[in-house]
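Work through the exercises below with the sequence and the structure at hand. Each task is followed by a solution in steps.

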Amino acid sequence: MEYLRTAVAAAAAYTLVAGAAFAEPKTNLLHQWASGSDAQAIAKLGEMFTAKGGAWQQTSIAGHTANTLAKLRADVIAGNAPPAVQLKGPEIAEWNETGMTANLDELATAENWEKVVAPELLPVMKPTGSWVAAPMNIHRINWLWASPKVMQEAGVAEVPKTWADFNAACDKIVASGKICISHSTADWTDSTVFEVVVYGMDLDLFKKAFVEGDVDAMRSDGMVKAFEQFRTMTTKYMDPGMNGRDWDSMSHLVGRGEAAFHIMGDWTLGLLTAGGFKQGTDYVCAQAPTDWGKPGFILNSDSVVFFQQKDPEYVEGQKLLASTILSPEFQTVFNQTKGSIPARLDVDLSNGFNPCQQLSQKDLQASIDGGTLVRSMAHNMTIPQKVRGAIMDTVTEFVATPDMTAQDAASAMADAAEAQM
């Protein structure tokens, strides 16, 4: 972010002024939710913002987070920072360092955000002590979505709890003629599955390598073992159709009884629901395998960060948008649609939420109590984006190169990450 400082120095002097009483609240949300349940979920926000008297506009940048960041950088350098942007994790902190983020403390105090938002999210939304972003949800990454029909037909009695159990189940499922793991290869999908493997095999390794960015941990024997497990999964248990498959169709293979398992975050629930599949019949949800036998939770959270504006209408729009995002009504409707759980801990999930979401909230608290809660590397909640990108590139190269050894992959990951530090 250092290279932006000169370009934005003048713009950083703008202050978040109080909007005139007659100002119409306006916004233009820059985000990357262009398809599937993501697009449906963001549409809910637009509907509620409009219903409260705001003028809604959005700019959707399809694809990778890097595409959104490129658009944001271009707008900032041009002196036209957007009023609201979907960002998370270290990206919020890095943009806050430019001095251009808006201060939401007055609104946060009035609406008591500090007491209702999950404590784990506070340092992310308040990178230097002041609120600059509003969390929309809490996603769980380490889900295993399973087809009861495929498991039963293959003689698999229960959803596997350890990686050894998982491999044994997959052997039976492949022998029965079905796909074991539904997958679509891309940097973020490959890295999602891989971080779930690392987390499930060695919690301490995950924390050192993917939260702290320790390159020695990336080169370790534990990481080599994780790559070995991942290689077994990519070559034996994922089908060739993963190349070129749309990411949002992966879950439907499970729902239709064509694949046994799908490892992915809980936005999968939104896709399954939209596809008409029924929980308990067409699919079941469970914690992805762990070898350490306790509830665990890899956390991701979508959020909106706000940038200082001169136009009073956009300033008023920021207040209305932030207030809408953190309202119990939006947190309920949005998360019921998206499959995640509210960022507010005071929302009751007993009515209107899927049993998988209720389990997610239960396991979140258990992971907090048990010290197993971590933030997601693959979904940009830990290490800087450039280091994350280097790790993800290595993981995808490993998937695409069957003769790449686990040892070579671990070394390549560490080298690539170290080069970006």
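**Exercise 1.** How many bridges join strand E6 to strand E8, and do the two run parallel or antiparallel?

Solution. The model is predicted: local features need pLDDT of at least 70, side-chain atom pairs count only at pLDDT 80 or more, and totals for chains, interfaces and linings use all residues. Residues are numbered from 1 along each chain as its sequence is written, and side-chain values use heavy atoms, with hydrogens and water left out.

Step 1. Locate the strands: E6 covers residues 143-146 and E8 covers residues 259-263. Strands (E, at least two residues) and helices (H or I, at least four) are DSSP runs, numbered from the N terminus.

Step 2. Count the bridges: there are three, and the strands run antiparallel. Two strands pair if DSSP finds at least two bridges between them.

Step 3. Find a facing pair: leucine 144 is opposite isoleucine 263 of E8.

**Exercise 2.** Describe the open sheet of five strands.

Solution. Step 1. The order is E2-E1-E3-E11-E4, with mixed pairing.

Step 1. The edge strands are E2 (58-60) and E4 (133-135), each with a single partner, so one side of each has no neighbour in the sheet.

Step 2. Neighbouring strands here are turned by 25° against each other on average, direction ignored.

Step 3. E3 (residues 84-87) and E11 (residues 303-306) run antiparallel and are joined by four bridges; leucine 87 has serine 303 in E11 as its bridge partner.

Step 4. Helix H3 (residues 65-77) lies across E1 (29-31), E2 and E3, at about 150° to E3.

**Exercise 3.** Check the length of helix H19, then examine valine 387.

Solution. Step 1. H19 (residues 385-400) has 16 residues, which at 1.5 Å a residue should span 22 Å; the end C-alpha atoms are 22 Å apart, which agrees. The expected span is 1.5 Å times one less than the number of residues.

Step 1. Valine 387 belongs to H19 and is buried, with a relative accessible area of 3%. Buried means under 20% relative accessible area, exposed over 50%, and partly exposed in between (1.4 Å probe, protein chains only).

Step 2. Beyond its neighbours within four places in sequence, valine 387 contacts Ala417, Gln420 and Met421. The C-alpha atoms of valine 387 and alanine 417 are 5.1 Å apart, although the residues are 30 apart along the chain.

**Exercise 4.** Is serine 251 buried or exposed, and which residues does serine 251 touch?

Solution. Step 1. Serine 251 is part of helix H14 (residues 250-255). At 1% relative accessibility, serine 251 counts as buried.

Step 1. Not counting residues up to four places away in sequence, serine 251 touches His262, Thr268, Leu271 and Leu272.

Technical notes:
Contact = heavy atoms within 4.5 Å. Axes fitted to C-alpha atoms, helices over the stretch in contact; angles between N-to-C directions.
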